[in-house]
There are 2 protein chains.
Amino acid sequence: MALEHAILVSLAEKTASGYDLARRFDASIGHFWKASHQQIYKVLGRMESDKWVESHLVAQDNRPDKKVYSITGEGRDELHRWLSLPTPIEALRSEFAVKMRGIRFGDQEAVLADVHVRRAAHAAQLAFYEANAAKHYPDPASLKNDELGAYLVLRAGILAEQHGLNWCDEILQVFGSER
Amino acid sequence: MALEHAILVSLAEKTASGYDLARRFDASIGHFWKASHQQIYKVLGRMESDKWVESHLVAQDNRPDKKVYSITGEGRDELHRWLSLPTPIEALRSEFAVKMRGIRFGDQEAVLADVHVRRAAHAAQLAFYEANAAKHYPDPASLKNDELGAYLVLRAGILAEQHGLNWCDEILQVFGSER
DNA sequence: GGCGCATAGGCAACTAGTTGCATAGCAACG
DNA sequence: CGTTGCTATGCAACTAGTTGCCTATGCGCC
């Protein structure tokens, strides 16, 4: 499982409560690794027994108490070890691709309507990423070391959305329904 | 779950035994939906009780008997229904992206070596897809209706590998280790 | 004759992840 | 004063998928 390691990366960047992590997994990190808050709390518990992270309770004004987690030395060792491991090629699973493969067994118009919806979603996400890139990394040539990771995955997001957009355009072109 | 639907698409194209399906999920379909043979046999059993598929035993010479599955009318109805449903945006999960985000917490050289390995894998897969495309679809303009699905996902494969390749190149360029 | 390999089908145990729900404090709205 | 909504944490039950193992036929190789 890599959720542990995604959490380690996130906690290495900045300490956080389970709730904070859940929000990070809804936003920045969530663009390349999704996790529900239930899953996060469960895994945090296991990681704490493994001594990869430790927590302390923080009382807050006007809000419930929270448990702030931070990465331990052991956690950093594990992260370092994992980063040097060869990454297995991930099994990509695309329900959308399954549909495209089977398009001739369904209602072509309905499927193409879905393609249009996806195309719009890719375009919107691409615009969001590009605005982000322009705002936070106006000068990629002079990036600091601690910004490189976030920059690289933002670039991956941009490339991925362009890829998604291109494929949608090809599909629509093949069926001659560009509009 | 979409494995059922991936199997329905595959059986709608051509009847198959569980073993045949497992091989298809290792090859063509496997490029966008992975499944182990254990998972396939399990799901086929459920699909048969749901009347989406039916099987009959076929005795073979010099080989064990096999159970050949074919899609039923109900299965075709279900496939048709599913194809018209809006496709949820899939949660992409990239362990590799998690590593890139966390690269500063590990051994940079070791991680970049992994990037080189992945780059080579993408290049090889791209060459494989392109050879396939040249062989099977030399003239994309005159595709028959029953070839469109397979052609479109092959194009998706090509675009995806180019995307993977581009990202690896960007990473290596940022770290100035193109070699 | 033993070994590896391809074909063919499966079970059992486990892990990862999802869905649904529960609890609780406090703020803002009407 | 009740409802909605955000913060904050978590359990229970379930589903999907993985890992490891097993059976069996028959071929070719050494």
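Reader: What rotation superposes chain B on chain A?

Author: This is a predicted model, where local features need pLDDT of at least 70, side-chain atom pairs count only at pLDDT 80 or more, and totals for chains, interfaces and linings use all residues. Residues are numbered from 1 along each chain as its sequence is written, chains are lettered from A and ligands numbered from 1 in the order in which they are written, and side-chain values use heavy atoms, with hydrogens and water left out. A rotation of 180° with 0.0 Å of shift along its axis puts chain B on chain A, at RMSD 0.1 Å.

Reader: Which residue of chain B comes closest to the rotation axis?

Author: H163(B), with its C-alpha at 3.3 Å.

Reader: Why do the copies meet through the same surface?

Author: Because 99% of the interface residues of chain B are also interface residues in chain A.

Reader: New topic. Which residues are buried in α4 of chain A?

Author: G75(A), E78(A), L79(A), W82(A) and L83(A), in a helix spanning residues 73-83. Buried means under 20% relative accessible area; exposed is over 50%, partly exposed in between (1.4 Å probe, protein chains only). They cover an arc of only 130° around the axis, so they sit on the same side of α4(A). The arc is taken over directions from the helix axis to the C-beta atoms.

Reader: What covers them?

Author: The cover includes α1 (3-13) and β3 (66-71) of chain A, plus α5 (95-101) and α6 (108-136) of chain B. Helices (H or I, at least four residues) and strands (E, at least two) are DSSP runs, numbered from the N terminus.

Reader: And R101(B), buried or exposed?

Author: R101(B) is buried, at 11% relative accessible area. Its place is in helix α5 of chain B.

Reader: What does R101(B) touch?

Author: Its contacts (heavy atoms within 4.5 Å) include V9(A), E13(A), F32(A) and V153(A), leaving aside residues up to four places away in sequence.

Reader: Where does L85(A) lie?

Author: In the loop between α4 and α5 (95-101) of chain A. L85(A) is partly exposed, at 34% relative accessibility.

Reader: Which residues of chain B does L85(A) touch?

Author: K99(B) and D114(B), again not counting residues up to four places away in sequence.

Notes
Copies are superposed by least squares on the C-alpha atoms of residues with pLDDT of at least 70 in both.
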